Amino acid sequence: MAFKVPFVALLVSVFALWSVHGQSACPSLPDSITLRSNAMLPDPFTFINGTRMASKDDWECRREEITVFRHRPVPAIIAYGGLSIPTPAGVAVITFNNDDIAAQNSGSSRGQGKFFTLYGSNHTAGAMTAWAWGVSRIIDALEATPAANIDLTKIAVSGCSRNGKGALVAGAFDTRIALTIPQESGSGGAGSWRISDAMMANGTSTQTASEIVQENVWFSTLFDQYVNQVNMLPFDHHMLSALVAPRALLIIDNTGIDWLGPESVWGAQSTANRVWQALGIADSMGVSQVGNHNHCQFPGSEQPDLDAFVNKFLKGQSTNTNIVKTDGANNLGFVESQWVDWSVPTFA
């Protein structure tokens, strides 16, 4: 497997070092190179362009070229509560203790955590908003700490279940996040309030807005007045996902757990993809919905979908990310014409 590595940000410092050492004939560095798997110990005497060292004097140039590799910034995933998807090779993982920022033990947790220590226990923010604030502070710290060697243009955020809800909110509101990967986030995440209510009315036991505000403190209390009249809301969660656009979003979901509202998720997210369609970048938003596994247990069948998005948006590879799929029969009962009465505009 190969992927492109940007070098532009490092060229100035490397050329400056070569100038100091008086090496005017050093091979020029390309803007990017293609890294390939090599089970052998790499050759220290061959330059990136394939030219082999011809004399001792060449070592100073080769030494500085190797320095580029040693200090190359790497992409990173900020993982709510730890990473529940397989860790991609060559990608750093930053574990985010979101519970420390805002507790989510039960309905009695409101106002607890470091966010509320700073802003007051009576602050109206729900836990997910507080967590998103925490993710933004992590990125602030990375920006202020170049020695961390994190590529600030290749930051992702991920989480599963309730932490998947949080990851989606963070990705929606911080435009520095290049790729958002919520996993099995259900209602309050990738699901639609309206469709979840309809599922419940039709006899499917699934999480709804009226239930979620009683279970935990993920949302502001200002939301409470709408939970029994979600049709009054001028938005739904397909529009929360749309806030990620034009950046990349991969929804990972499970068709086998009714409580997660698989029909609701499929309906909301296949509809959300229309925003990326309108922007001419439909392949920057994907949905991979696969059942027959436990909650937050990532199935191997979804690995190619995850790899495609990670490789394109964190590693700069050219991959096929036209992925909007479910293994649920008949779109899990979602009938688009019953929910969507608008069309995708054509922009110049």
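Reader: By about how much are arginine 63 and glutamate 60 separated in helix H2 (residues 58–70)?
Author: The model is a predicted one, in which local features need pLDDT of at least 70, side-chain atom pairs count only at pLDDT 80 or more, and totals for chains, interfaces and linings use all residues. Residues are numbered from 1 along each chain as its sequence is written, and side-chain values use heavy atoms, with hydrogens and water left out. Helices (H or I, at least four residues) and strands (E, at least two) are DSSP runs numbered from the N terminus. Because arginine 63 and glutamate 60 are three residues apart in helix H2, their separation is about one helical turn.

Reader: What N to O distance is found in the salt bridge between arginine 63 and glutamate 60?
Author: A salt bridge places a side-chain nitrogen of Lys or Arg within 4 Å of a carboxyl oxygen of Asp or Glu. Accessibility is classed as buried under 20% relative accessible area, exposed over 50% and partly exposed in between (1.4 Å probe, protein chains only). Arginine 63, at 40%, is therefore partly exposed, and so is glutamate 60, at 22%. The side chains of arginine 63 and glutamate 60 meet with an N to O distance of 3.8 Å.

Reader: Which helix holds aspartate 100, the salt-bridge partner of lysine 114?
Author: The closest N and O atoms of lysine 114 and aspartate 100 are 2.8 Å apart. The pair ties together parts that are 14 residues apart in sequence, since lysine 114 lies in helix H4 (residues 114–119) and aspartate 100 in helix H3 (residues 98–101).

Reader: Is aspartate 305 buried or exposed?
Author: Aspartate 305 forms a salt bridge with lysine 325, whose closest N and O atoms are 2.9 Å apart. Lysine 325 belongs to strand S9 (residues 324–326) and aspartate 305 to helix H11 (residues 303–313), so parts 20 residues apart in sequence are tied together. Lysine 325 has 34% relative accessibility and therefore counts as partly exposed. With a relative accessible area of 7%, aspartate 305 is buried.

Reader: In S4, which residue is the bridge partner of alanine 76?
Author: Six of the seven residues of strand S3 (residues 74–80) are buried, so S3 is largely enclosed by the rest of the structure. Strands pair if DSSP finds at least two bridges between them; S3 runs parallel to strand S5 (residues 150–160), with five bridges joining them. S3 also pairs in the parallel sense with strand S4 (residues 92–96), over five bridges. There, the partner of alanine 76 is alanine 92.

Reader: How far does the backbone nitrogen of arginine 194 lie from a polar atom of the side chain of serine 192?
Author: Serine 192 is found in the loop between strand S6 (179–183) and helix H7 (193–201), and its 5% relative accessibility is why it counts as buried. Beyond four places in sequence, serine 192 is in contact (heavy atoms within 4.5 Å) with Asp236, Ser264 and Ala268. From the polar atom of the serine 192 side chain to the backbone nitrogen of arginine 194, the distance is 3.2 Å.

Key: A polar contact is a pair of N or O atoms within 3.5 Å; within protein, one must be able to donate a hydrogen and the other to accept it, and residues adjacent in sequence count only if both atoms are side-chain atoms.
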